[in-house]
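Biologist: I have a model open on my screen and would like to learn how to read it. Could you take me through a few features, one at a time?

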Amino acid sequence: MTRQPVRFYQVGSFAVGNRLLNDEDRTVQSSPNRTNSIDSGHRACQGCGEVLGARYALDAAMRATNGQLVAVNATGCLEVFSTPYPETSWRIAWLHSLFGNAPAVATGVAAAMRVKGKSEVRVVAQAGDGGTVDIGFGCLSGMFERNDDVLFICYDNEGYMNTGVQRSGATPPAARTATTVAAGPEPGNVFGQGKDLPRIAMAHDIPYVATATVADLHDLEQKVERAMEIHGARYLHVLVPCPLGWGSASDETIHIARLAKETGLFPVFAAEHGRVTSVSPIRHRTPVEEYLKLQRRYAHLFGSSPRPDIVARLQEIADENIARYGLVTEEAGESVASEVRT
Amino acid sequence: METPFAITLNAGTSRANHTGSWRTERPLYVDRLPPCNNACPAGEDIQGWLYEAESGNYEAAWRKLVVDNPFPAIMGRICFHPCETACNRVQVDDAVGINAVERFLGDLALEHGWSLPVVTLDTGKRILVVGAGPAGLSAAYHLRRLGHQVRLVDSAEQLGGMMRYGIPAYRLPRVTLDAEIARVVDLGVEVELGHAVLDVEAERRAGNFDAVFLAVGAQIGKRVDIPAGDSSKVIDAVSFLHQVAEGDPPLLGRRVAVYGGGDTALDAARTARRLGATDAVIVYRRNRERMPAHGEELEQALGEGVTMRWLSTVDRFEGGRLVLETMRLNEQGFPEPTGEFEELDADALLLALGQDTDLSLLKTASDVVVNDGVVQVQASMMTGEDGVFAGGDAVPADRTATVAVGHGKRAAHGIDAYVMGTALESVPKHELATFEKLNTWYYSDAPRTERPELERIRRQTNFEEVVGGLTEENALFEARRCLSCGNCFECDNCFGVCPDNAVIKLGPGLRYEFDFDFCKGCGICVKECPCGAITMVPEII
Ligand SMILES: Cc1cc2nc3c(=O)[nH]c(=O)nc-3n(C[C@H](O)[C@H](O)[C@H](O)COP(=O)(O)OP(=O)(O)OC[C@H]3O[C@@H](n4cnc5c(N)ncnc54)[C@H](O)[C@@H]3O)c2cc1C
Ligand SMILES: Cc1ncc(C[n+]2csc(CCOP(=O)(O)OP(=O)(O)O)c2C)c(N)n1
Ligand code: SF4
Ligand code: SF4
Ligand code: SF4
Ligand SMILES: [Mg+2]
């Protein structure tokens with residue numbers, strides 16, 4: 001899909017819908033006929049970002065495939081809160097096997113569909129960051145390397161949330177988790193570890209790799225749609241704030257995701273065949289503090305014995321991302337001076 | 001139960017699990033009062049009519065507007081738009097050009113000949129309105145719409161009050177003024193011109209009126225004692241503008257000084273320029289920051305070659321020469337004499353020092369209380385005298401046409417309650433939609449569109465309108481800059497962002513409702529509503 005040139009419609013393309021736009025130009029989520037792939041009554045926490053990300057992505061995939069979709073799910077919050085016996089929230093064909101094997105199961109489903117001649121049925125696999133960057137990584141790398149026809153979506157809440165907020169290979173430096181306590185000279189998760197899975201995926205030269213957040217629905221839907229136009233291995237990494245694990249207020253979920261992008265800590269981009277093809281520029285450049293302060297997992301960086309040195313190191317990471325992906329365009333650059341609040 | 005191959009379990013839906021029981025707070029849709037509406041002296045539902053205009057429904061927008069104010073084309077030219085000063089968008093980039101859109105709608109209505117709704121009601125009550133300025137005309141309009149018979153009398157030869165005899169044509173073209181007034185008169189207002197009411201009580205009794213609305217304005221230009229030689233021409237600005245409006249301008253000479261710092265001073269100086277004065281100098285005792293005139297008006301005057309003598313008072317005027325005393329501002333900002341004098345050549349001096357009321361028609365209305373030359377009124381605009389109401393410049397308030405229109409409306413409702421023997425209902429105001437209630441992330445960046453201005457050279461010799469109107473495209477753009485403060489504009493955000501699918505979309509124009517079986521009370525919808533139309537309230541247990 002090429003992106004609509006947006007005429008000025010009050011909320012332009014930022015809000016979910018817009019009464020002034022034609023139905024076709026609105027998001028999937030604005031439609032009362034959206035699939036609601038994951039139904040009400042699920043047991044996700046108040047303000048869960050993961051369930052929101054999953055509904056956004058799968059509803060878009062359902063529309064892109066005319067409902068011909070099978071979703072494979074790794075173990076994790078998304079599976080546990082959606083499907084406690086004897087209930088399920090899934091309104092789509094959905095399959096759960098194990099924590100670490102979702103990419104392989106999805107490869108199998110795709111192969112089975114091909115063998116049965118149901119080439120119109122497309123396959124999505126989904127997992128948390130633990131299931132993706134840690135335990136599922138071997139299977140995933142294989143799926144990439146074989147270019148299997150699966151869209152793999154990682155809902156990144158930066159930790160093993162379902163089992164009580166343990167560190168994963170996607171937990172950011174300085175964040176407190178149950179296994180990276182906020183004590184000692186280097187409180188929280190250590191610097192210099194962890195994996196940047198979107199870049200690892202790109203290194204596999206697969207047709208499509210993209211990142212997104214729950215704060216920009218238009219971008220997320222457009223990326224799912226683009227992914228479904230392509231065959232072969234595709235990877236989408238969605239940042240989904242977790243009020244429980246991050247210690248944030250339940251109503252801040254989208255705001256925090258937006259700040260992750262606006263600070264540069266979470267670069268939002270798309271890449272095809274290993275090359276970055278587009279980035280979402282920062283609209284109002286924001287210092288990392290504004291993002292960190294809203295989360296109790298970083299509380300040890302502020303308060304009575306603050307750690308501006310650690311905050312500065314996090315700012316460096318953001319600045320590196322900004323430089324690497326070119327997240328500040330000239331226009332936004334101009335607004336930097338006036339908008340950076342210190 | 002029969003299950004497909006390899007399926008051992010028939011899953012039930014999670015909708016059996018009513019997560020609404022987790023809630024400690026619940027979201028609630030609200031309508032908050034947009035600051036523009038709150039600031040409009042005529043009580044317009046600005047956000048409401050902009051909402052219609054945003055979708056290009058200009059006639060619907062106009063109809064919504066004229067519910068409160070029958071003069072959008074006039075207001076769109078002369079209102080000092082306190083709404084724009086209050087507009088929340090000021091804190092994003094610049095205020096929404098409310099006044100320009102209002103004018104666009106007003107002009108479009110005149111162009112298309114849209115008429116005001118026909119009056120069908122007849123209460124049989126007769127109301128006398130004295131004075132046909134904006135206050136009297138607005139009252140007549142609203143009284144007619146409430147079904148009362150209205151007799152509108154004015155001592156002048158034409159309707160409009162200061163809108164005709166004060167405000168010059170280069171700011172308010174007479175075709176526009178005439179057309180909007182005619183539309184009100186066409187609702188069946190009985191008009192009597194050239195009739196000065198000398199005793200309001202007698203007039204009320206003679207005509208058997210159920211109530212009276214006094215909208216006599218403040219017609220008398222204030223004068224100060226300035227020693228002046230016999231040949232020196234000193235005229236008050238209000239009389240001067242009045243004569244110009246009647247097509248009978250006095251001869252002023254080439255060098256005109258205007259004494260005062262209000263809008264009337266600017267209008268007098270700009271008018272003098274147009275009548276051929278080479279020098280039009282405004283003498284004002286304070287500085288620019290402390291000038292009561294509006295900045296835009298001052299800019300326009302300066303652009304037309306009007307010059308300023310700040311910090312000066314007129315000491316005397318003799319033999320074509322004004323003697324000015326230089327002032328300095330003390331710590332409180334009050335001007336104090338310095339004892340230093342300057343001279344200024346002038347053929348005429350126009351005094352624009354404010355206006356006084358002429359309330360001699362109240363001589364037998366003994367219960368009407370007049371303080372400081374203005375009539376005291378209650379919230380219903382009723383004076384101390386039963387059935388006698390007053391508004392506009394004759395009562396204590398800001399002296400603007402918009403305030404007068406608002407008074408006319410308020411008085412009409414007060415009169416209606418009085419003559420019908422009903423209680424005047426006061427609708428409680430909604431909570432204000434302040435800037436912090438908004439989530440402005442969602443609005444597109446969109447700088448304001450300014451109205452075109454007539455080239456300066458053409459402004460010096462004629463009374464052609466100075467400020468132009470917006471094109472349709474620009475008016476639409478401007479309307480869409482509105483943030484819809486405090487009032488849902490169906491952006492679907494709440495519907496989209498709820499992690500629990502607990503927002504039900506009811507369809508175009510019908511807004512949304514919550515599904516409290518499943519709403520967990522996370523508050524995301526509240527936080528992400530761009531315009532602050534949702535609030536969180538404690539759950540009642
Ligand atoms: C030069 C000038 C420029 C202005 N510019 C602006 C502007 O740009 N924007 C703005 O909002 N306001 C402006 N104003 C102020 C505005 O015009 C007045 O506030 C407004 O007109 C007051 O309305 P009103 O109906 O109370 O009185 P008026 O408009 O003064 O009308 C009163 C009417 O009552 C009639 N009347 C008085 N006594 C009697 C009687 N005894 N019997 C019969 N009839 C009588 C008068 O003839 C007159 O027609 C300006 C005023 C002046 C003087
Ligand atoms: C092989 C195996 N090891 C451990 C677990 C326990 N377990 C279930 S979910 C989970 C963490 C999931 O973390 P992540 O993939 O990031 O998903 P999240 O819950 O954070 O969404 C773990 C450790 C398991 N189910 N299987
Ligand atoms: S943005 Fe719109 S609703 Fe808000 S104050 Fe301005 S004009 Fe009024
Ligand atoms: S977002 Fe949904 S669950 Fe949260 S408060 Fe609003 S309606 Fe309730
Ligand atoms: S989020 Fe949008 S649709 Fe929901 S109440 Fe606010 S303005 Fe209306
Ligand atoms: Mg996780």
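Biologist: Let's start with one residue: is Asp129(A) buried or exposed?

Modeller: First, some ground rules: this is a predicted model, in which local features need pLDDT of at least 70 and side-chain atom pairs count only at pLDDT 80 or more, while totals for chains, interfaces and linings use all residues. Residues are numbered from 1 along each chain as its sequence is written, chains are lettered from A and ligands numbered from 1 in the order in which they are written, and side-chain values use heavy atoms, leaving out hydrogens and water. Now, buried means under 20% relative accessible area, exposed over 50%, and partly exposed in between, with a 1.4 Å probe and protein chains only. Asp129(A) has a relative accessible area of 1%, so Asp129(A) is buried.

Biologist: Which residues coordinate the magnesium ion (ligand 6)?

Modeller: Donors are N, O and S atoms within 2.8 Å of the metal (3.2 Å for Na, K and Ca); water is not among the atoms, so sites may look incomplete. Here Asp129(A) (OD), Asn157(A) (OD1) and Gly159(A) (O) coordinate the magnesium ion (ligand 6) at 2.0 to 2.1 Å. Along the chain, these donors follow the spacing D-x27-N-x1-G. Asp129(A) belongs to helix H4 (residues 129–134) of chain A and Gly159(A) to the loop between S5 and H6 of chain A, so the pair ties together parts 30 residues apart in sequence. Helices (H or I, at least four residues) and strands (E, at least two) are DSSP runs, numbered from the N terminus. Gly159(A) is buried too, with a relative accessible area of 4%.

Biologist: Which residues form an aromatic cluster in chain B?

Modeller: Tyr29(B), Tyr512(B), Phe514(B) and Phe516(B) form one.

Notes. Phe/Tyr/Trp six-rings, centres within 6.5 Å; stacked < 30°, edge-to-face > 60°.
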